[in-house]
Amino acid sequence: MMHSCISCSVPFPILQSGYLLIMQEEQKKYLCYSYDSLQQLATYVETIVPKEKTFVALCKNPDSPGPFIPLHELSMRIKHEDVVQCITNGPLVSYLQPIIHTKTGDIFGYECLLRSHHFSPKQLFSVAQQTGLHTFLDRRAREEAIRARTKIKKGIKSFINFLPSTIYNPEFCLRHTFSIVEQYEVAPEDLVFEVVETEKIIDIDHLKNVFATYKRSGMKVALDDVGAGFSTIDMLTLLQPDYVKIDRHYIQNCDQEKEKQAFLKEVTRIAQTLGIHVLAEGIERKEELDYCREIGIPFAQGYYIGKPSPNPL
């Protein structure tokens, strides 16, 4: 619980000087070292043995220790201090990539994508994962996406990514998200929360619970990258999302390749039977959009339609 609680709340502060407290998981007592600089702290962290199941805390007063985190996370936070600062309190913004109705070309919604002026999304999420800040960053991303609703007309959907593993208890962990929705007076039905492409679906029951929590609050849910290994067609029946996004591998050159066409037709058929809306992502050519429209896929996004930008089209 030490790890998850600190990740969900206030990020672990890296003090310029103070005390380093070290505790093995099976021990009740901890060792205490004072340090006067980040370089000295880094030296301590790199020389502590063993590193497995070792937790640490930084504080100004050793009699009032702060929360403990795994040692390797502290090491990574020192190593990537500039990125960590951006994650915890740096400026972040949600870029918007348009999603259209394939029949009319009208805007249906926008996928909200987290951006920083200094670091790539890959850097942000990679460092967040290494440092135990992925829950905190995921929550900030949801908040920025909801804040971006101030630029979007009511009735236009916002597709917001989330990591199921960062939501330990949906009823508790999503309170902050729901409070932001109320704060900005966003209509819940305009929000679609989708499982991001980078995370494998392991605990189906947990994801069902997350989906149910969103739906009870009047929001929609989406399953991303159908067809990409873990996100199979079978998941449509198991999870019953409101929307499914087809993996871009099956969209690329779909107007030319028979195997991809067979897959797209099968997904579309099953989704229609279950009352699920299909969205083709990664469209980069007019011919791909034309084919998706032809077989009845109602929604689409991709660079051919529009790139992510700070403001809606």
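## The chain as a whole

What percentage of the 313 residues in the chain do buried residues make up? Buried residues make up 53% of them, where buried means under 20% relative accessible area, exposed means over 50%, and partly exposed is in between (1.4 Å probe, protein chains only). The model you are looking at is predicted, so local features need pLDDT of at least 70 and side-chain atom pairs count only at pLDDT 80 or more, while totals for chains, interfaces and linings use all residues. Residues are numbered from 1 along each chain as its sequence is written, and side-chain values use heavy atoms, with hydrogens and water left out.

Along its principal axes, the C-alpha trace spans about 70 × 35 × 35 Å. The chain holds 13 helices and 12 strands; helices (H or I, at least four residues) and strands (E, at least two) are DSSP runs, numbered from the N terminus. The domain assignment gives domain 1 (18-71) and domain 2 (91-301), with bounds that come from an automatic or database domain assignment. Between the C-alpha centres of domain 1 and domain 2 there are 40 Å.

## An open sheet

Let us start with the open sheet. Its 4 strands follow the order β2-β1-β3-β4, and the pairing is antiparallel. Two strands pair if DSSP finds at least two bridges between them. At the edges are β2 and β4 (69-70), each of which pairs on one side only. Strand β1 pairs with β3 (residues 54-59) in the antiparallel sense over 6 bridges, and one example is Gln24, whose bridge partner in β3 is Thr54.

The loop between β3 and β4 contains Lys60. Lys60 counts as exposed because its relative accessibility is 55%. Although Lys60 and Ser17 are 43 residues apart along the chain, their C-alpha atoms are separated by 7.7 Å.

## The second largest pocket

Next comes a pocket. On a 1 Å grid over the protein atoms alone, a pocket is an open set of points with protein on both sides within 12 Å along at least five of seven lines, whereas a cavity is a set of points where a 1.4 Å probe fits but cannot get out; lining residues have an atom within 4 Å of a point. The second largest pocket has a volume of about 200 Å³. Of the 14 residues that line this pocket, Ile22, Leu31, Tyr33, Ile48 and Val49 are the closest to its centre. A volume here is the space filled by probe spheres set on the grid points, which are joined across faces, edges and corners.

Which elements each supply at least two residues of the lining? They are β1 (18-24), β2 (31-35) and α2 (38-47), and β1 gives the largest share, 3 residues. By class, the lining has 9 nonpolar, 4 polar and 1 charged residues. Ala, Val, Leu, Ile, Met, Phe, Trp, Tyr, Cys and Pro count as nonpolar, Asp, Glu, Lys and Arg as charged, and the others, Gly among them, as polar.

## A closed barrel

Now for the barrel. Here 8 strands close up in the order β5-β6-β7-β8-β9-β10-β11-β12, and the pairing is mixed. Strand β7 (residues 157-162) runs parallel to β8 and is joined to it by 5 bridges; Phe162 stands opposite Val195 in β8. On to β9 (residues 220-226): 4 bridges join β8 to this strand, and the two run parallel, with Phe193 opposite Val221. Strands β10 (residues 243-246) and β11 (residues 277-280) pair in the parallel sense over 4 bridges, and Tyr243 has His277 as its bridge partner in β11.

Are the faces of β8 covered or uncovered? Both are covered: Leu191, Phe193 and Val195 are buried on one side, and Val192 and Glu194 are buried on the other. In a regular strand the side chains alternate between the two faces of the sheet.

## A helix residue

Thr237 sits in helix α10 (residues 234-239) and, at 48% relative accessibility, counts as partly exposed. Thr237 and Ala271 are 34 residues apart in sequence, with 8.8 Å from C-alpha to C-alpha.

A disulfide is a pair of cysteine sulfur atoms within 2.5 Å. By this rule the count is 0 disulfides. Cys254 is in no disulfide, and the nearest cysteine sulfur, in Cys292, is 4.3 Å away. Cys59 is buried at a relative accessible area of 5%, and Cys254 is buried at 0%.
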